[in-house]
Number of protein chains: 2
Amino acid sequence: MEKYKNKDEYEQDVELRSMLPKGFKVGVVPLEFFPIEKNLVKPLPMKLSLIVLDEETDSFGAVFTKNKFPGHPVTHGRERLNNRTIKGVIINNKISNVRCNGGLEDISLITNELGRAFSCNESLFFSSSTGIIGWKLPVNDILLKIPALADSISNESIFPLAKGIMTTDNFPKVRSAELKGGRIVAVAKGAGMIEPNMATMLLFILTDINIERNSIREILKQVMDRTFNRISIDSDQSTSDTGIIFSSKLVNGVSLIEFENSLLSICRDLATDVVRNGEGTSHVIEVRVCGAKSEKDALDIGKAIINAPLFKAAIYGNDPNLGRILQSIGDVSGNFDIDINPDILTLTMGGYTLYDNGSFILNEELENRLNSYLKECSLREESLGFPEHRKNVEIVVDLKLGDKEATVYGSDLSYEYVRENADYRS
Amino acid sequence: MEKYKNKDEYEQDVELRSMLPKGFKVGVVPLEFFPIEKNLVKPLPMKLSLIVLDEETDSFGAVFTKNKFPGHPVTHGRERLNNRTIKGVIINNKISNVRCNGGLEDISLITNELGRAFSCNESLFFSSSTGIIGWKLPVNDILLKIPALADSISNESIFPLAKGIMTTDNFPKVRSAELKGGRIVAVAKGAGMIEPNMATMLLFILTDINIERNSIREILKQVMDRTFNRISIDSDQSTSDTGIIFSSKLVNGVSLIEFENSLLSICRDLATDVVRNGEGTSHVIEVRVCGAKSEKDALDIGKAIINAPLFKAAIYGNDPNLGRILQSIGDVSGNFDIDINPDILTLTMGGYTLYDNGSFILNEELENRLNSYLKECSLREESLGFPEHRKNVEIVVDLKLGDKEATVYGSDLSYEYVRENADYRS
């Protein structure tokens, strides 16, 4: 189990994971700007980050939000997927470039300027943005910074970028693996608004392992479905969720299945990092629903539990209020007409059986044990800049009707969540 | 607009509405008990309430939660619907009688005892319970209190019962109407967990207007669909939601449509009372989705907005973060494949247009106005025991694709909500 005493110790560990694969460089520069939507006395700070391949590649892929109000970067990115080759991606925080005037034109101006800076075709860059919806990018300020951004790149580490793309994130998130001389490095930004289809989440995966275009796209989709699409901090999927993968194709000899398994493991860890790092998360909750007739039934039930505000608030209070789990199961089963049998299913938390034979097993001693268990799994609420531990509140629902299962991850509902979200823009 | 200065003023007004229809009596008695699930030094207080008809009636109906873990009173109530006649209902707070051992047998013991007390058939009473899930009713204590409960009944007012059935409710809720010498009085308990299908909500409607059995059941269903099933405080529907209607059939001459319209108006007011009274509600949000191709589309979009935690937290903070509304619309439309056109829909809050022609209209002045508007609509968080005003945060989404619409009501997400729900049982 990973455990850190302080921020330095955590960041040293992240830096060790952050070495870039062959054929990539990254750079980050700060920027200050005045948004046109607000009269401010002091400018706001933004960070521009860049991932760039030494050589254009045809092996890349991306997955985007299913939200029907996609941000301009998503619309732009979907078109870029048709490119024969790609060179990299520019990322900004603070403003998400969603539903503002001329947002798509702004992206063209920025990516064209990048083309000039790297003496390549002007349509070779993705653009990703995260932050406030509705505000316009400070496009002139960004254009002026692009030469400095191009100058800032280095082939050493993705760590500065992992910090550069943070918004309300509590700590930088990087996961990586070595595979027969090749390397996969993945970095994520995401806090709040995390849900299936990767709500308000940015994910960039870099590898030098040679996987051809169609395979890398299919593998990305499969892995996303089993990792980032199974986490939920609230029930929204954002307008801007994006996951992009690039291969520099410099290392041969890794099979598709080896690559997929390695990526699955990286993304599972990174997805849990994202939950643990959610705005105001004080418990990470892991719900495994097994014994289901179908994986979809298991997923729907798991998500209903993980998204139920009453249950989430109870976990925050270290209150093992299991009635609220059953309530959620019954609610979603009634609404979606999922087959369940309340008389045979069982429910455990932290290994303790709490519901069996159609009734709760409730007594003072068990309740005290569960209360202690929940306290052990808790994280301090203040932003420490590092994850204290990787304990999850483990809940298992066995429907005893079949052999399908699914595991989902989510966070509790804390004062801190409300505070951050009541006051995000001020 | 109803506006109250203090609790006394509000309660006087509620008392004026509380006169019982002809042919009904109600009674309330307190009870103290030690739950078997917890070792307590002091007993917990419970209230037993009773609604009883002078004569059995065949004109009654009920609607229940769709939750697949129904409480024992719901299972029992569904059977009672087949009764030729009914005599009344007993209600307790504190324990919901859900998924505990022998809960159905406990109800039989209690309703049998009521039959003896009123010298009638023993299967003539409904039983409703609200409170903690999983705990067992203190059935012996209740049985011992039934003679006193039967003695306590009076034909004057439903007001004591409106207070007796409260749990975390902030104030008693009664609505009534006079109709050609007849009367409808409705009383509700509900706070937290309020959603479509009337989650954790108890509703009792008493009338002396003569409506025959089939009609009263059909009208109850129609009215519920358009009122209580369109409110949401969080996204759960509880295991115990129940709405029961009784007619003593003593007043003739009111048409079905007059009765239905009157009941619709009562239930709409009562449903908004329930939202305003929700645990930690500091704003009541009213979302009208119009211009939809179907009422279902409008309802799905309205509910997605009213259930989005990020949006709810922003409203709590008086932050007009409209991006989060669009995000919810886009999210639900993507997930349920609802047809929307982001380029033509419009969005207003409190009458101010905020999104038009595919873009946000954002500027400092408008944002300040919206901030003031949200402050005007806010309620103090502490439990005052009365609703200060009936202002709602009014949001209109015009999809401009058809002529169908739906309006839903919900609450914001406050610190107080988290506090109450993190710590409900202690």
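User: When are two strands in a model such as this said to pair, and what counts as a strand?

Analyst: Two strands pair if DSSP finds at least two bridges between them; strands (E, at least two residues) and helices (H or I, at least four) are DSSP runs, numbered from the N terminus. This is a predicted model, in which local features need pLDDT of at least 70, side-chain atom pairs count only at pLDDT 80 or more, and totals for chains, interfaces and linings use all residues. Residues are numbered from 1 along each chain as its sequence is written, chains are lettered from A in the order in which they are written, and side-chain values use heavy atoms, without hydrogens and water.

User: What is the strand order of the open sheet in chain B?

Analyst: Strands of a sheet pair through backbone hydrogen bonds, either parallel or antiparallel. The 7 strands of this open sheet in chain B follow the order β9-β16-β11-β15-β12-β13-β14, with mixed pairing, and the edge strands, β9 (231-232) and β14 (359-360) of chain B, each pair on one side only. Within the sheet, β12 (346-349) and β15 (393-398) of chain B are antiparallel over 4 bridges, and B:L347 has B:V397 as its bridge partner.

User: Is strand β8 of chain A enclosed or open, and why?

Analyst: In a regular strand the side chains alternate between the two faces of the sheet. Because 9 of the 9 residues of β8 (201-209) of chain A are buried (under 20% relative accessible area, 1.4 Å probe, protein chains only; exposed is over 50%, partly exposed in between), β8(A) is largely enclosed by the rest of the structure. β8(A) runs antiparallel to β7 (182-190) of chain A over 7 bridges, and parallel to β10 (242-251) of chain A, also over 7 bridges.
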